[in-house]
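Please look over the chain below with its pocket and helices in mind.

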Amino acid sequence: MKTLSKSRADALADSAAVSVSAAASRPVLVWDLPVRVFHWLMALSFAGAYLTAETERWRLLHVTLGYTMAGLVVFRIIWGLMGTRYARFSDFVRGPKAVARYFGSILRGQPEHYTGHNPAGALAILALLGLALAVAASGWTLYNDLAGEWVEEVHEAVANLMLALVFVHIAAVVLSSWLHKENLVRAMIDGRKTGSPKESIRSAWRTVAALILVAVLGFWWMQWQSAPSPSDLSGQPAVTAQDGGDDDDD
């Protein structure tokens, strides 16, 4: 009887432990809506700007998306200083020791779990923000013809470097999702990751996210309104090689 009672007590204790563990580890809100809106607008803007870089026909769209990237980076820096817990740089930017320890845990097959960004992700974020500013600055200089042709080469080189880092980032997200057994792409959509209730942020800050969308869409509308109409373009005389030859002959 004593053995039976003890076994039943152990079973009840194990069941209670499982219940507590399940309650302590569940999807909680980690990424606020401004962070998620920034992330996807940044991805859309960079992809669109890169794809329209080589054609003069889409130059205004290319420039508009480049300026959008610059504005988004400025917002992200501000939000990284005064935003929610996991959006702040002070939460995820760590020193070399923490980065080395995280990579070591990956090599051992036991990656450290972070509710917010892990140290490797933090490095990618900082690098992408810096490269985005460099791309926008060099593009603005080139668009306004403030320097020589070397700016165009710098602009293309930084854009290609940023593209390479984006691919590395995507691969790291896929790898991290597999190692940590959680869908990090979905987390950047619904804002939820596995954690305890005390790790959840209190608000999604939907108002700030709405203001971001209004500002971006408003800027795009202004750029669209300033675009030359097809009739204006058709009214301009075309400069051809034959025209130039006739002038020389005269």
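## Model and conventions

This is a predicted model, in which local features need pLDDT of at least 70 and side-chain atom pairs count only at pLDDT 80 or more, whereas totals for chains, interfaces and linings use all residues. Residues are numbered from 1 along each chain as its sequence is written, and side-chain values use heavy atoms, with hydrogens and water left out.

## Overall fold

The chain holds eleven helices and two strands, these being DSSP runs numbered from the N terminus (H or I of at least four residues for helices, E of at least two for strands). Along the sequence they follow the pattern α-β-α-α-α-α-α-α-α-β-α-α-α.

Of the 250 residues, 34% count as buried, a term for under 20% relative accessible area with a 1.4 Å probe and protein chains only (exposed is over 50%, partly exposed in between). Among contacts (heavy atoms within 4.5 Å) between residues at least 6 apart in sequence, 75% join residues at least 24 apart.

## The largest pocket

The largest pocket has a volume of about 1200 Å³. A pocket here is an open set of points on a 1 Å grid over the protein atoms alone, where a 1.4 Å probe fits and protein lies on both sides within 12 Å along at least five of seven lines; lining residues have an atom within 4 Å of a point. Grid points are joined across faces, edges and corners, and the volume is the space filled by probe spheres set on the points.

There are 46 lining residues, and those closest to the pocket centre are His39, Leu128, His169, Ile170 and Val173. H2 (33-51), H5 (96-107), H6 (119-143), H7 (150-180) and H8 (184-190) each supply at least two residues of the lining, with H7 giving the most, 15 residues. By class, the lining divides into 33 nonpolar, nine polar and four charged residues, where Ala, Val, Leu, Ile, Met, Phe, Trp, Tyr, Cys and Pro count as nonpolar, Asp, Glu, Lys and Arg as charged, and the others, Gly among them, as polar.

The 19 residues of H2 should span 27 Å at 1.5 Å a residue, and its end C-alpha atoms are 27 Å apart, which agrees; the expected span is 1.5 Å times one less than the number of residues. The buried residues of H2 include Phe38, Leu41 and Met42, and among the elements covering the buried residues of H2 are H3 (59-82), H6 and H7.

H7 has 31 residues and reaches 44 Å from its first C-alpha to its last, close to the 45 Å expected. Its buried residues, including Leu165, Val173 and His180, pack against H2, H3, H5, H6 and H8. Lys181, which follows H7, has a positive phi near 60°.

Ala124, in H6, is buried with a relative accessible area of 13%. Not counting residues up to four places away in sequence, Ala124 touches Leu165 and His169.

His180, in H7, counts as buried at 16% relative accessibility. The side chain of His180 makes a polar contact with that of Tyr102 at 3.3 Å; such a contact is a pair of N or O atoms within 3.5 Å, where, within protein, one must be able to donate a hydrogen and the other to accept it, and residues adjacent in sequence count only if both atoms are side-chain atoms.
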